[in-house]
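Reader: Hi! Could you walk me through a few local features of this one?
Author: Happy to, let's take a look together.

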Amino acid sequence: MVISVVSRGISHCNNGLYLPPSFLHFVRCMALWSMKKDPELEAALSRNRRWVVNNQIKNIILGYPSQEAPVKFLQRKFKTLDLQGKALNWLKKYPCCFEVHLRGDEYYCHLSKRMMYLVDEEESVKSMQEPVFVERLAKLLMMSTNQRLNLMKINELKRNFGFPDDYMLRIVAKHGDIFRVVNHSGRKSSMELELISWDPDLAVSAIEASAHRHGSEPCFSCSLPSSWVKSWERFHEFNSTPYISPYVDPRGLTEGSKEMEKRTVGLVHEILSLTLWKKASILKLGHFRREFSLPEKLNILLLKHPGIFYVSNKYQLYTVLLREGYNGSELVEKDPLVIVKEKFGELMQEGLHEYNRRHYLANLEKKRRIGMGLDRLDKRKEKSGEVSEQDQGEGLGSLFDPEERRRFYKVLFDDKSP
């Protein structure tokens, strides 16, 4: 598709090639999204993708009456999960997670016992992590311009931060001394969550906390190979200016200035530090442009700092990862909730291996049966060939005997013969 666009964009003129402005804009946009691929971080995203899909299927099944969903219902949900193919085939790939059975003429799916055990363990961890969720939510509000965030926008990223689906009841309602819901316009889409109690102890970023532990000045770290000379030079130049905390009110900073860029990079770094997987959708982050004073073209800013952020367009979903949060394809520090979710991933992988093994053995058996059939056919052909040669030899062999031939012709041409 890209090649056809490129070919249409280029035309010839008397002086050589002519590149129309629309084509130049297309190339410029493509370049803005380009970043050298990191195989290990791409592998982390790929592994995470299957987990995210199955986790959503799990939530759909748990939300269904009696926690058992018709496969036809799940099939309709496949479009929202950005999946293709048959839901039944997908579910059968993970027998350790999902159990499918036929009732009448319709298939139904429920979670396996081992899966339900992990669901209970996850709920237990969420209950223990409640104070952490309160701090994360408070820190997000503290970074916003007016200490308020739209509830619909928070819902888009709630699972990135590990917030339970019922966080409004479990966190907000329980801590009325910290949070309150406001709605100045009366529309449901305008409901906002507001911070009513500022805690200075929480207004410390991950970078500042790390600097305090090491007894140094707060600054960013770069996770690039030494061969990236120009990127390292730009990073050192950027890092030479003082660090600006994301909890500082940005209204005193000039839009487009180096100070504002420093504060924005620090803010995105802090937001990603608060997430479970140290990553987030760039599109969803952009929805908070007004609340966090983010630039209109956030992707350009992120691509300017490849030593701090990694931008990927895997699955055509633009995602930003915090480089320092990963060692290869593994997280450096794992939240207790991540550990439980990784058990889910291991169970998923175990089921996939079992599914693949069954198919491998079934294919071997199929080939064996086909092979046996071919062997029998070959033997029959060989046997019939031997019989025909033997018959042919018995019928024609006498004609090729010299003595017999002489007698034959003598009888045939000699009139005197009896």
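**Helix packing and cysteines**

Author: In this predicted model, the axes of helix α6 (residues 113–128) and helix α7 (residues 130–143) come within 4 Å and cross at roughly 60 degrees.

Reader: What does that make α6 relative to α7?

Author: It makes α6 oblique to α7, because angles from 65 to 115 degrees would be needed for roughly perpendicular, and under 35 for roughly parallel.

Reader: Which residues make the contact?

Author: On α6 they are Lys126, Ser127 and Met128, and on α7 they are Glu130, Pro131 and Phe133. Sorted by class, the contact has 3 nonpolar, 1 polar and 2 charged residues.

Reader: Nice. And what span should α7 have, going by its residues?

Author: At 1.5 Å a residue, α7 should span 20 Å, and its end C-alpha atoms are 20 Å apart, which agrees.

Reader: Switching topic: how many disulfides does the structure hold?

Author: The count is 0. Take Cys96: the nearest cysteine sulfur belongs to Cys97 and is 6.5 Å away, whereas a disulfide needs the sulfurs within 2.5 Å.

Reader: Is Cys96 buried or exposed?

Author: Buried, with a relative accessible area of 9%. Cys222 counts as buried as well, at 15% relative accessibility.

Technical notes
Residues numbered from 1 in each chain as written. Predicted model: local features only at pLDDT ≥ 70, side-chain atom pairs only at ≥ 80, totals over all residues. Heavy atoms only, no water. Axes fitted to C-alpha atoms, helices over the stretch in contact; angles between N-to-C directions. Helix = DSSP H or I, 4+ residues; strand = E, 2+ residues; numbered from the N terminus. Parallel < 35°, antiparallel > 145°, perpendicular 65-115°, else oblique. Contact = heavy atoms within 4.5 Å. Nonpolar A, V, L, I, M, F, W, Y, C, P; charged D, E, K, R; others polar. Buried < 20%, exposed > 50% of the residue type's maximum accessible area, 1.4 Å probe, protein only. Expected span 1.5 Å × (residues − 1).
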